[in-house]
Structures are given as C-alpha cells and as structure tokens.
Amino acid sequence: MARVRKDVWQLPANDKTLFWYGEAIKDAQAKPITDITSWWSLAAMHGIDRQLWIDLGYLDANVTLPFDPDAIGFWNQCQHGSWYFLSWHRAYLAAFEAILLDAIVKKGGPADWALPYWNYDPTKPNTLKFPAAFAPELLDDGSKNPLWVKERYGRRGNGVISIRPSDVPVSPLWQEPEFFNEPQDLPTSFGGTRTAFSHGGRGAGLLEQQPHGPVHVLVGGTKEGTDPDITKNNGLMAMFETAGIDPIFWLHHSNIDRLWESWLTVRRHASDPADAYKNPTDTDWLNEPAGEFVMPRPNGTTFTTTAKDVLNTKAPALNYEYQDISVPGQQVVLAARLGRLGVAPADANTLAGAMAMASQKTTELVGQSRSAIRLAGTATDASVQLDGPATSNLSASLRVRSLAPAHAPKAPDRVYLVLENVTSTTDAGVFDVYVNLPKDATPAQHPEYLAGVLSLFGARAASKAGGAHAGDGLTQTLEITDIVDAMHLKGQLNAQSVDVKFVPQTAISANSQIDVGRVRIYRQSR
C-alpha cells in the first residue's frame, strides 16, 4: 500500500509526522555538504550561491566543495520556467523523501512515513496561516526546533507570515485544460512552455506562477528595515539559491505536487480539447532530457530519471499518494459567465454544453504599453493602448445576450494580461496588479479590479545578461476575463486605453530596479 502524504492541517494532536521530519532533518544537517545525502547538498541541488551561503552562516568558507557552485550540474539543477518544472520537482521531492525515510526507519520511526504538505487552500482561510510547528525557535524542552530557521521575514519583514486568498488562487488552474504550450503561444498552460532542460526559462506555467511564486516570497520576504537588493537581507524561501535550506520549502512543494494530481481529476467539458487535464504524451517531455534528472539515493549513489518515470505516484519507485486531491473552487464557469453576459438563466447551461471547441486556439493582440514600466515602493500606474479593430473583435465575441441554444456558437473570448520581460534586482517582491481601477479608489477595497499577483521569485537570476534567461526576465500571465466582461457590460470597451496599477505588497528599496518591459492584452478564442 502506498504511503500517504498528509495535510499538515489535518494531523491529529498525537501525530508524529512532523516529529519524525524534525528527527530526519537533524540527521541530514549533521552530515557535511560533501555528502550528497546531507541537508546541505540536497538544498544545493535546487540552488546554491557560495558567497551567499557563507554570508548567511550555512557554509564554511574553507570547505572544498564536491561540485562547482557556479555551474548547472548535480547542484543548481532545479527546473523553473519550463515544462519540466513539475516532473523535476516531483523526482527531487521523492529522492529527498527516500533519504529522510531511510534515516527515520534507522532511528526506529515508522516505515510508512511520508512528507506532509502545506495545503494553503484559498477557500479555507485557516489554512493560510503559517504551520505552527515551524514557528518557534525552541521546543518545549528548550532544544532547538529543527523546523525553524531565522530567515523567514514575511510580507512586512517582521517575521509575521500572512497569506491572502488572492495570493494563492487555485480556481484559475482548473480552467486551463492544457498542460503545456509551445514557445510561440500565449503562455496560459497549466504546466509550462516546451523548453530544453532549463534552470530558469521564461515559460512558467500557471501553477508555477501562482500559487508557487507568491508563497516563496511571502514566507521569505526581506528583513525589516534592510535593502532587499542585498541578497543576505532576504529570507531563504525568497531565492532559488537558498530556498531548499528552509524545512517549509519541502511542504510547499509537496502541495504544488499535490495540485498537479488534483488538476488531473478536473472534469473535462465539451468545449475542452481531447487531451484536456492530461499529462503530455510528447516523447520530448516523457523521455528527455535523458540523464539530466540526476538524483541521490540514501546509500550515497545517484540515479537518473525522467518525467515518464514519475507519472504514477503509487508505483514502487515513488510509492505515495495524497490524503486529499479534491478540487477546491471548481465551478461551471462557462454557464455562469454566459449568464453574467446576459444569456437567460434557463438557456445558459444548455448553451454552454452546446458550444463546440474550435479546431485550434486563435489569439489576437488587443493592446500594449508603449514603453517599459519601472515599479517602485509606492503604487505605479501604466497604460495599455488598445487596438481599435482587435477591441471590436473582442466586443463582438462578448455580445451573447440574444443567443439561443440552437445556434451552438463559439464560447466568448477569454482575455489575458501578459507582463513581459519582468527584470529585477531583487527576488523578494510581490505586487498586486489592478486593471481599470477607478481613479482615487482604494485598491484593497475593490477586489473586482484585481487581476492577480506578480511575484518576483526568480526574477533576479532571470535578469542576468549571461544567465539562463539571457537577461530577458520573467513573463507573467493573468487572466482578466471577468474584469473585461464587466467593462463590456458597462460600455467601457470603446476606450482608447486600459489602466494598469501595480501595488507593492512587500518592501521595495528606492534603489531597486524592477521593470516590466511590456504589458500586453490578448483575446483568445477556443
């Protein structure tokens, strides 16, 4: 029987899952970084910056390292901005879990121990709190808590970790039926863009963008009163190079892996493609990059694996399942939208079921900004200039009031705000992004205009000219269909421009250079 990865919020009072996690952490941290089963080498597989680790006190400057910390290899392996994001992290977590389980069994612990997950469910506010077992520095007996690290600064830098439902939306994930998109496509897929083996590409999928990125930054943050551009001032979780040192990292990624399993159970609708809510069958994803997923075994040897090898979590090589993979927030989106756009309630469900899927998606640029936007520690305004003919096409798509079920038309266009070439001198930043917020309105009081959250997790590495991204930065896609529907109903789509406002949720230095290269709006028919 497969081991069960449990929800940290549903552990019984006398459950020992986190106790044994702590015991295994102590065992792994007692090993030197030269041991590939040590806590330090496992963290370095995700990312390592030698000088930063030295500055933070996690590496002795005199230690001779077994791998080049500046090179991508056994260390610095993590896949981000890539369609390998989910499969690589699953293999990584499984190797980590196996090493910890081996230590737990040797200490007399349960042979069915499994890594728990932090289920930050936006529909259940109590789950958005930081798990209590990770918060205190000392245990009741006065010993150090192995689940604690000092470099968790949170949203405001004071150590208080707060996450809002809008930081971790999951309902958009259930509305994107395709696992991956091609490089030339609008990046709206669940799992990412087709890439080569990539330590940091521009093709992040929706799950990687949200909730993955915001949780990293909102746990890590920047120490209050310090400059976020100086990396040692930032929390471990906020940076690729240090995230794996924090014990909460592994529960966060366990939940990301669980959401992948949840996505595979989403109901397919008539208007969805045939491969909706399924893993890719493309051999480039299943079998490549051969030999690049290099993982450690508990005995100190290594093995290679691929996406194909980690699809079935209950198979002997992985041997786990999740306590709960239900889909929170799933709803009959299309029928509800048709009703909002004016279709009679009696017709909306029938019409939604009759809508046929187009043979392929059609995407059209509706508008774009004229120049780059420099973000600051205060709200920043930008303008997207609309293209007249494209906006007219969008408006025509939304005029569904008079449709009857017999017409079987295409579904109304979906609309996306795409933030391109996001570069930054810090990773520890989160911005709320609003579209067409009324002038002088208080942003927090108008969630109906909130497009989503821009997280800078990974932006610093993506901004380096000689790095994996070639300095192109990140791309973030936010669906604004609901906002545009409301604009249409108010007759506002005949305007020449749309306003976009970036509101910082974390401390941003006056010296920080955070730029959004271009803001674009696209309509997409399916």
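Predicted model: local features only at pLDDT ≥ 70, side-chain atom pairs only at ≥ 80, totals over all residues.

Colleague: How many cavities does a search of the whole structure find?

Modeller: The search finds 5 cavities of 30 Å³ or more. On a 1 Å grid over the protein atoms alone, a cavity is a set of points where a 1.4 Å probe fits but cannot get out, while a pocket is an open set with protein on both sides within 12 Å along at least five of seven lines. Lining residues have an atom within 4 Å of a point. Grid points are joined across faces, edges and corners, and a volume is the space filled by probe spheres set on the points.

Colleague: OK, back to the cavities. What lines the second largest cavity?

Modeller: Its volume is about 70 Å³. Lining residues include Val 366, Leu 386, Thr 391, Leu 394, Val 484 and Met 487. Helix H10 (388-398) and H12 are the elements that give two or more residues to this lining. Helices (H or I, at least four residues) and strands (E, at least two) are DSSP runs, numbered from the N terminus.

Colleague: How do the lining residues of that second largest cavity divide into nonpolar, polar and charged?

Modeller: There are 11 nonpolar, 1 polar and no charged. Ala, Val, Leu, Ile, Met, Phe, Trp, Tyr, Cys and Pro count as nonpolar, Asp, Glu, Lys and Arg as charged, and the others, Gly among them, as polar.

Colleague: And the second largest pocket, what volume does it have?

Modeller: About 540 Å³. It is lined by 20 residues, of which Leu 18, Phe 19, Ala 133, Leu 139 and Leu 147 are the closest to its centre. This lining holds 13 nonpolar, 2 polar and 5 charged residues.

Colleague: Changing topic. How many salt bridges does the count come to?

Modeller: The count is 32, taking a salt bridge as a side-chain nitrogen of Lys or Arg within 4 Å of a carboxyl oxygen of Asp or Glu.

Colleague: Give me an example. Which residue does Arg 337 form a salt bridge with?

Modeller: Arg 337 pairs with Asp 485, and their closest N and O atoms are 2.7 Å apart. Arg 337 is in helix H8 (residues 333-340) and Asp 485 in helix H12 (residues 481-489), 148 residues apart, so the pair links distant parts of the chain. Both Arg 337 and Asp 485 are buried, where buried means under 20% relative accessible area, exposed over 50%, and partly exposed in between (1.4 Å probe, protein chains only).

Colleague: What else joins those two helices?

Modeller: Asp 482 forms a salt bridge with Arg 340, with the closest N and O atoms 3.0 Å apart. Here Asp 482 sits in helix H12 and Arg 340 in helix H8, 142 residues apart. Arg 340 counts as partly exposed because its relative accessibility is 37%.

Colleague: Now the strands. How many residues of strand E13 are buried?

Modeller: In E13 (residues 474-479), 5 of its 6 residues are buried. Strand E10 (residues 414-423) runs antiparallel to E13, joined by 5 bridges; two strands pair if DSSP finds at least two bridges between them. The bridge partner of Tyr 416 in E13 is Glu 479.

Colleague: What is phi of Asn 436 near?

Modeller: Near 60 degrees, a positive value in a residue other than glycine. Asn 436 lies in the loop between strand E11 (430-435) and strand E12 (450-455), and counts as buried because its relative accessibility is 17%.

Colleague: Last one. How many helices and strands does the protein chain come to?

Modeller: It comes to 12 helices and 15 strands. Buried residues make up 56% of the 526 residues.

Conventions:
Residues numbered from 1 in each chain as written. Heavy atoms only, no water.
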